[in-house]
Amino acid sequence: MKQIINEQIVVPKITASIVPDRSLFWKKDEEEKPDDTGIRITARNWSEYLKVIQKVYTDSSVDGKAYTRGINYLLKLKDEYVEKLDSAKESTLMVNTRYKQSLVYAEYKDGKLNIGEKVTAKNADERVLATFHCTNQSDFAEMLAAQEAEEQKEELTIHNRDLRNGAAIGWFGLQRYSTSKWTDDEIFAYWCAADFAITRLDGVIYLKN
């Protein structure tokens, strides 16, 4: 069993990135040095300034009670750069992500998600089938295959506020039984990232000297 905990740092792979044009005499130190022209963020240097974390996302039911809904992947500045971010200038990052989802059995308690085996048509009981409105294992297998084949894509522009607080670049839900109340005890599965990648990360951030 593995655990996914609030604020866990995750390092996704980058499959591609828009690389800025450079002159013949471009030097690495010139691009990354915090100065008045800003720091160009690319696929090579992004992890020096930014991090990706997993953070639990909560919501409210119709009766106003809070419940755990899912887990976001947030992209944000590393702690040592948050206070240095220049509020007088507008930092801007273009971020694209691509991912698929896979359903696995899970138990969520005390802020920790314990993950078990993958949910399949063979190990799904009648309550699981009913949750997804499937009458038999064949229908359920077809539904799972369609869900797992679907590719999710996100495109967003991140500015100063999101750099400080974190911008959601991927969302993965906690699965409850369809007849359940919105409580953590009723969570039985988790739509986890089967293949998560940043496909574009390009922009400029401004830090105070």
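Tutor: Gladly! Let us begin with pairing: two strands pair if DSSP finds at least two bridges between them. Keep in mind that this is a predicted model.

Student: What makes strand S7 and S11 a pair?

Tutor: Strand S7 (residues 92-109) and S11 are joined by 14 bridges. At least two bridges are needed, so S7 and S11 count as paired, and they run in the antiparallel sense. Val 104 stands opposite Tyr 190 in S11, and Arg 98 stands opposite Ala 197 in S11.

Student: Which other strands pair with S7?

Tutor: Strand S8 (residues 112-118) pairs with S7 over five bridges in the antiparallel sense. Here Val 104 stands opposite Lys 118, and Ala 106 has Ile 115 as its bridge partner. Strand S9 (residues 152-158) is joined to S7 by seven bridges, again antiparallel, and Leu 156 in S9 is the bridge partner of Val 95.

Student: What is found between S7 and S8 in their hairpin?

Tutor: Two residues lie between the strands of that hairpin, and Asp 110 takes a positive phi near 50 degrees.

Student: How do you know that S4 and S10 pair with S11?

Tutor: Count the bridges again. Strand S4 (residues 39-41) has three bridges to S11, and S10 has three bridges to S11. The rule asks for at least two, so both pairs qualify. Each pair runs antiparallel. In S11, Gly 203 is the bridge partner of Ile 41, while Ile 187 stands opposite Arg 176.

Student: What makes Asp 79 and Lys 51 a salt bridge?

Tutor: The N to O distance between their side chains is 3.3 Å. The limit is 4 Å, so this pair counts as a salt bridge. Asp 79 lies in helix H3 (residues 79-82) and Lys 51 in strand S5 (residues 50-60), so the pair ties together parts that are 28 residues apart in sequence.

Student: Are those two residues buried or exposed?

Tutor: Asp 79 has 53% relative accessibility, and exposed means over 50%, so Asp 79 is exposed. Lys 51 has 15%, which is under the 20% cut-off, so Lys 51 is buried.

Student: How do you know that Arg 176 and Asp 184 form a salt bridge?

Tutor: Their side chains meet at 3.6 Å, N to O, and that is within 4 Å. Arg 176 is buried at 6% relative accessible area, whereas Asp 184 is partly exposed at 27%. Elsewhere, salt bridges that share partners join Arg 98, Glu 151 and Lys 153 into one network.

Student: What makes Glu 151 and Lys 153 a salt bridge?

Tutor: Their closest N and O atoms are 3.8 Å apart, so they too fall within the 4 Å limit. Glu 151 has 37% relative accessibility, so it counts as partly exposed, while Lys 153 is exposed at 60%.

Student: How many salt bridges are there in the whole structure?

Tutor: A search of the whole structure finds nine.

Student: How many disulfides are there, and what is a disulfide?

Tutor: A disulfide is a covalent bond between the sulfur atoms of two cysteines. To count here, a pair of cysteine sulfur atoms must be within 2.5 Å, and by this rule the count comes to zero. As for where cysteines sit, Cys 134 has 11% relative accessibility and Cys 192 has 15%. Both values are under 20%, so each is called buried.

Student: Which residues are closest to the centre of the largest pocket, and what is its volume?

Tutor: The largest pocket has a volume of about 350 Å³. Of its 16 lining residues, the closest to the centre are Trp 171, Leu 174, Gln 175, Arg 176 and Trp 182. Strand S6 (66-77) and strand S10 (167-176) each supply at least two residues of the lining, and S10 gives the most, with five.

Student: How does the lining divide into nonpolar, polar and charged residues?

Tutor: Seven residues are nonpolar, seven are polar and two are charged.

Terms used. Residues numbered from 1 in each chain as written. Predicted model: local features only at pLDDT ≥ 70, side-chain atom pairs only at ≥ 80, totals over all residues. Heavy atoms only, no water. 1 Å grid on protein atoms, 1.4 Å probe; cavity = no way out; pocket = protein on both sides within 12 Å on 5 of 7 lines; lining within 4 Å. Points joined across faces, edges and corners; volume = space filled by probe spheres on them. Helix = DSSP H or I, 4+ residues; strand = E, 2+ residues; numbered from the N terminus. Nonpolar A, V, L, I, M, F, W, Y, C, P; charged D, E, K, R; others polar. Buried < 20%, exposed > 50% of the residue type's maximum accessible area, 1.4 Å probe, protein only.
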